Amino acid sequence: MEAPEDYVWPRATSELMLLPVTGLECVGERLLAGEGPDILVYSLDFGGHLRMMKRVQNLLGHYLIHGFRVRPEPKGDLDVEAMVAVFGSKGLRVVKISWGQGRFRELWRSGLWNMSDWIWDARWLEGNMALALGHNSVVLYDPVIGCLLQDVPCTDRCTLSAACLVGDTWKELTIVAGAVSNQLLIWYPAAALVDSKPVAPDRRVSGHMGAVFSMSYLESKGLLATASEDRSVRIWKVGDLRVPGGRVQNIGHCFGHSARVWQVKLLENYLVSAGEDCVCLVWSHEGEILQAFRGHQGRGIRALAAHERQAWVITGGDDSGIRLWHLVGRGHPGSGVSALCFKSPSRPGALKAVTLAGSWRVLAVTDSGVLYLYDLEVKCWEQLLEDTRFQSYCLLEAAPGPEGFGLCAMANGEGHVKVVPINTPTAAVDLALFPGKVHSLSWALRGYEELLLLASGPGGVVACLEITAAPSGKAIFVTERCRYLLPPSKQRWHTCSAFLPPGDFLVCGDRRGSVLLFPSRPALLQDLGLGGQAEAGAGELGGGGDSGEEETALTEWGPVSILRSLHGKQGVTSVTCHGGYVYSTGRDGAYYQLLVRGGQLQPVLRRKCCRGMNWVAGLRVMADGNTVILGFHANEFVVWSPRSHEKLHVVHCGGGHRSWAFSDTEAAMAFAYLKDGDVLLYRALGGCTRPHVILRESLHGREITCVRRVGTITLGPEFELPSFMQPEDLEPGSEGPSLIDVVITCSEDTTICILALPTATGSAHALTAVCNHISSVRAVAVWGVGTPAGPQDARPGLTAHVVSAGGRAEMHCFNIMVTLDPSTPSRLACHVTHLASHRLDEDWDCQRSRRRMVKVDPETRYMCLAVCELDPPDLGPLVAAACSDGAVRLFHLQDSGRRLQLLAETFHHQRCVLKVHSFTHQAPNQRRRLLLCSAATDGSLAFWDLTTVLDHGSAALEPPAEPGLPSRDLFFLQGWAPPCLTVQAHSCGVNSLHTLPTREGHLVASGSEDGSLHVFVLAVELPEQHEAVGGAELAPQLHVLEEHSVPCAHAAHVTGLHILSPSLMVSASIDQRLTFWRLGHGEPTFINSTVYHVPDVADMDCWPVSPEFGHRCALGGQGLEVYNWYD
């Protein structure tokens, strides 16, 4: 279809892409990355200034970039400018770029040359390009003028899966071709006596059991590495490949990947491979694995580059992330496990417990009651003290704090606690606290001002000891401040404690899995008016073994707030306070974000760790604000990053059911544990963080299923964002305040990502990710968008309620709050508060009348969500869900989203419901009507009057009389009347649906799996009040005024559709076309179409930004692409 000349606008232009990274190349101190047809240029200033310099858009047209080849310079200086050949699929383009003085400029580019076959490899030959093509031929090409100079095929015209060109001139050019027959074919194009005459292969090499996907040749050592579909990497001794007839010997067969290996690269001292299992392995040339880099998500690592001088490996993945990893080599002194050689005739007894005082001092106690110190600087064991009362049973805990803080505590089975200064052990203080066993010890430190030691005794009594130092620093004073009483349970002792800033409360976890809040000082209860329970108890406090004992009546204070069994029966392992939140971990494999409000603990968010880590031992907050999780995965101790979804450190310790200790400082991370009667220590310099840099955050590991815009934040000039565009490239209207769109994406990888998309920088920033779902997330809906402090607050920010749903009939509701944070690259920070969740199978089990209901299928998927806001708003919104079991379900969100209740369901469609869309109708002097449209796989659209349905069940919308009462039964399920109107719009499934109010009624548009569009005008007629019988309100009458179809609007499924105005509509399809349509003059008329680069688009959202910037459109599929256009 040709567009009329008068209607060439709007024209969409791409401003941002987040696609799989398919090409990487280091050029001097710069990194070139290929993303779709675009080039990303990064500055690799290894002094710490790693940043993106420029995005060169649409360099290869509709081709995807697969590689870069830099023309060698005679002087070897590529720090100022370079000539780069960019190739991918069948396209080739040469560009000359300059990046001197920290500024990127494109000096010249050739035309886009289209080859007759797929380009597997390219090589510069004295100003011309040699290209290895997909059916085993080599062409010599002049890339400046686009002229084919020579074309030489091989006699074996098989399809290739990889190729590697070797040589600097045409005469010595050698090609190693990976055929689909799993063989390597080595042949010489210059051997052709006549142009275009086939050349026979010189050598055939067999060995792989699958197709070869990548090859790398190291000329200095005569080695060739190949990566294959058979999950292996092979190393071949080939000598000088430019010499015909050489011998090929397989010297290494490397198995380490669990899936297909996509990329391999040979370096002088290493071999680097990356594959479909998202792992990058570093091997020695002998085939030994030296390092394993994990962090990418999804379907693998597609691109690989190396900077040998700086010993960096760069990887680009299908998740659109780019990461830099440091090569440390074999025997690196900065990390590893070492035995501290405790066994000795001079040290009798067996080890009972171990702890760490900082990262360079290890404390251990034996069953003979002897306390030893190991200093990593001195590298020898030293006896600190001996006390026979601590022989058979002894607890050992070191005080937190900076290196050399120097306190530890010991406890035994007779109620004794000993506080020991490590530097002066003779000044230890003995306390007799309980008449029975001390079950646990924990420290709580508040800056450098206050240090408490908590000890749990019999009957759930916890003694709180305050530790102070003498002015001389050579002695300590220990006084019992108060006692706490834990709730009754079988295993009644605390496991961890921490100060809640500013220090008025202590947060504790117990063995029953509860999190408790205690006042740090007893007088605080009366000052704050909090109701902690107090019970009179008798406690014994001793001031040392020689000073006698003194009985003192003590008050045992109960908690002011408690979250019972938050972490299940296995117990809480740690509590950490940071940024106004409390983070707790437990042996249920989860960690919680908690908030203290009004002296009460409130759960905010629950998150699971990596699969298989059921014992979460702790949480640490790094200097950059990111968290790392400590835990045990089977018999390994793991440090896991929720931000990058990778295991930063792995220690094969044998499991957590032994004495162990962890310490993390700026200098180093240390993990000590007992094994085989010795103390083993794992130490990594630099702390918990991994020696790698994330150049670009990952988006999603699988396909994006839904995209929704939340709102826009306006930042003033003082919050200038780093731009990837040069000033002359900026769009009109971008010179003023920065506009940042907040967008939510959800994916098949079970995560929800909240992104910040500035309008003028060409960048995207991941603010946070939500990982609550147990299966794929298919739908997201947003409502209640506002500002953090109300409409009167002029500070930039945004709040919104979000409901998400997907597989396993699971739905979650949460609140997001985006505020200013100048320390982050996006200048924004996002806080997520989990409000409610719902599972259909769990809800069915709780229904008293379930014998009258159809048992739900636990595998039901929510396909689409629509929010229906009620009048008045304080009733809370309704959420309509399209379900794969053929139902349309209505949920009610009460108490600002904290209660999620199923209200009604209908099985009218009798087949999978794909889409739901809500809209309102307001006529003069008439009640506002709430309407819902649902679409199914049979191509039908059903329109429902929700106002009438809600009138029949208005009692169900009211909250329960008392919090905590069970939800009401679905008493009006049978009363949901048939739809007001059904329209057979398509012959197959409806994948997109949108409406827009007009003067005549409502404009409704839908797109189908057969590529067709259906547009019609829906009229709504409301009956007069006098026509109602018995006071009951009649349902509105719906009918179609005007109806049009476009049978072949797209060549594939129409998955995105948006009516921008009564005269303009935009549609998106799997055929990768973004198409504009003119409405209002009969059948929709084609205006223009733009090719986008996201495969398998599943959803689209459009919104107006500003009169200066126009509209934006986000397309989500196997990646994310953002377009903009002007009206």
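Among contacts in the chain between residues at least 6 apart in sequence, what percentage join residues at least 24 apart? It's 51%, where a contact means heavy atoms within 4.5 Å. Before going on, keep in mind that this is a predicted model, where local features need pLDDT of at least 70, side-chain atom pairs count only at pLDDT 80 or more, and totals for chains, interfaces and linings use all residues. Residues are numbered from 1 along each chain as its sequence is written, and side-chain values use heavy atoms, with hydrogens and water left out.

Let's start with the overall picture. The chain has 3 helices and 87 strands; these are DSSP runs numbered from the N terminus, with helices being H or I of at least four residues and strands E of at least two. Of its 1127 residues, 59% are buried. Buried means under 20% relative accessible area, exposed means over 50%, and partly exposed is in between (1.4 Å probe, protein chains only).

Now for the rings. Rings of Phe, Tyr and Trp (its six-membered ring) pair if their centres lie within 6.5 Å; planes under 30 degrees apart are stacked, over 60 edge-to-face, and the rest tilted. That rule gives 21 aromatic pairs. Take Tyr862 and Phe891: their ring centres are 6.0 Å apart and their planes stand at 85 degrees, so they're edge-to-face. Tyr862 is in strand β69 (residues 862–868) and Phe891 is in strand β71 (residues 888–894), so this pair ties together parts 29 residues apart in sequence. Both Tyr862 and Phe891 are buried.

Phe943 and Phe1016 are worth a look too: with centres 6.2 Å apart and planes at 85 degrees, this pair is edge-to-face. Here Phe943 belongs to strand β75 (residues 940–945) and Phe1016 to strand β79 (residues 1013–1021), so the pair ties together parts 73 residues apart in sequence. Phe943 and Phe1016 are both buried. Elsewhere, ring pairs link a cluster that includes Trp615, Phe632 and Trp660.

The charged end of Arg71 sits over the ring of Trp124, 5.6 Å from its centre, and that of Arg347 sits over the ring of Phe342, 5.4 Å from its centre. To count, NZ of Lys or CZ of Arg must be within 6 Å of the ring centre and within 35 degrees of the ring normal.

Finally, Leu107: this residue lies in strand β9 (residues 105–109), and at 39% relative accessibility Leu107 counts as partly exposed.
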